[in-house]
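Visitor: Hi, could you walk me through this one? I'd like to ask questions as they come up.
Guide: Happy to, just ask away.

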Amino acid sequence: MSRRAVTRSARAKKTHTVKGARVRQALSRKLGVKPAGGRGKRIDPAKVADEALPFWKRKTLAQMTRREWESLCDGCGKCCVNKLEYEDTGEVVQTNTCCRLLDTHTCLCSDYANRKKLVPDCIQLTPGVVAGMDWLPHTCAYRLVLQNRDLFWWHPLVSGDPETVHEAGVSARDKVISELEAGDLSDHVLDDWL
Ligand code: SF4
Ligand code: SF4
């Protein structure tokens, strides 16, 4: 089977706007991992008006302030990992390669300010874009909020520690190599998703 379009997305540093990908949509079936503890709990709709709750439990993506939106990114880096799509079947597989700008240890974009110039197909995440991106990892906080699910214990907003996403093993940290070093990406297809 032949493959086409390398796919990826992007996420911002905590202090920047979250951004997205050059990925094709329609990837949801295989996206992401199911983390230890299963998926986030459903949020009780009756609680959404409770001002005492943290913003991600009572606001939609569209209602969030810019600061809230930015802080929602868990820093996993998985949306910057390259995927390949089979042209004949539409199946999408993940590789162990990532965007040239991803720091493979910190899982942050190494040149956020110039990313659009350096990686033109890195697009910005917005509430509308997230809604159409079913290829985002199941652990992605934007996806969880969109689905009225709570964040996991390891999310920095919950734990108070940006390292917990890595300690929990749900990030791309040290699991991928740069596409600049990888050669043919089809030689790097993973059996399972990160
Ligand atoms: S340029 Fe690359 S590393 Fe930076 S946010 Fe976009 S996909 Fe991720
Ligand atoms: S939470 Fe993870 S997958 Fe979602 S935008 Fe941030 S880095 Fe990407």
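Visitor: Where does Thr97 lie?
Guide: Thr97 is part of strand β3; strands here are DSSP runs of E with at least two residues, helices are H or I runs with at least four, and both are numbered from the N terminus. Keep in mind that this is a predicted model, where local features need pLDDT of at least 70, side-chain atom pairs count only at pLDDT 80 or more, and totals for chains, interfaces and linings use all residues. Residues are numbered from 1 along each chain as its sequence is written, while chains are lettered from A and ligands numbered from 1 in the order in which they are written.

Visitor: Is Thr97 buried or exposed?
Guide: Thr97 is buried, because 28 other C-beta atoms lie within 10 Å. The cut-offs are 20 or more other C-beta atoms within 10 Å for buried, 12 or fewer for exposed, and partly exposed in between, with C-beta atoms placed from the backbone.

Visitor: And which residues is Thr97 in contact with, neighbours within four places aside?
Guide: The partners of Thr97 are Asn82, Val176, Ile177, Glu179, Ala182, Leu185 and His188, leaving aside neighbours within four places in sequence. Contact means that the C-beta atoms, placed from the backbone, lie within 7 Å.

Visitor: How many residues of β3 are buried?
Guide: In β3, 6 of the 7 residues are buried, so the strand is largely enclosed by the rest of the structure.

Visitor: Nice. Which way do β2 and β3 run?
Guide: They run antiparallel, joined by 4 bridges; two strands count as paired if DSSP finds at least two bridges between them. Lys83 stands opposite Gln94 of β3. The two strands make a hairpin with 5 residues between them, and Gly90 in the turn has a positive phi of about 80°.

Visitor: In what sense do β3 and β4 pair?
Guide: That pairing is parallel, over 2 bridges, and Cys98 faces Ser178 in β4.

Visitor: Changing topic: how many residues does the largest nonpolar core have?
Guide: It has 38 residues, and Ala141 and Tyr142 have the most contacts inside it. Such a core is a set of buried Ala, Val, Leu, Ile, Met, Phe, Trp, Tyr and Cys residues joined through C-beta atoms within 7 Å. β2 (81-86), β3 (92-98) and α5 (141-146) each supply at least two residues of this core, and α5 gives the most, with 4.

Visitor: What is Ala141 in contact with, leaving aside its neighbours within four places?
Guide: Ala141 touches Leu72, Cys73, Asp74, Leu151 and His155 by that contact criterion.

Visitor: What about phi of Asn148?
Guide: Phi of Asn148 is near 60°, a positive value in a residue other than glycine. Most residues other than glycine have a negative phi. Asn148 sits in the loop between α5 and α6 (156-159) and is partly exposed, with 15 other C-beta atoms within 10 Å.

Visitor: And where is Asp174?
Guide: Asp174 is in the loop between α7 (164-167) and β4 (177-178). This residue also has a positive phi, about 55°, although it is not a glycine, and is exposed, with 10 other C-beta atoms within 10 Å.

Visitor: Last one: how many helices and strands are in the chain?
Guide: The chain has 8 helices and 4 strands, in the order β-α-α-β-β-α-α-α-α-α-β-α from the N terminus. Of its 194 residues, 38% are buried.

Definitions and conventions. Contact = placed C-beta atoms within 7 Å.
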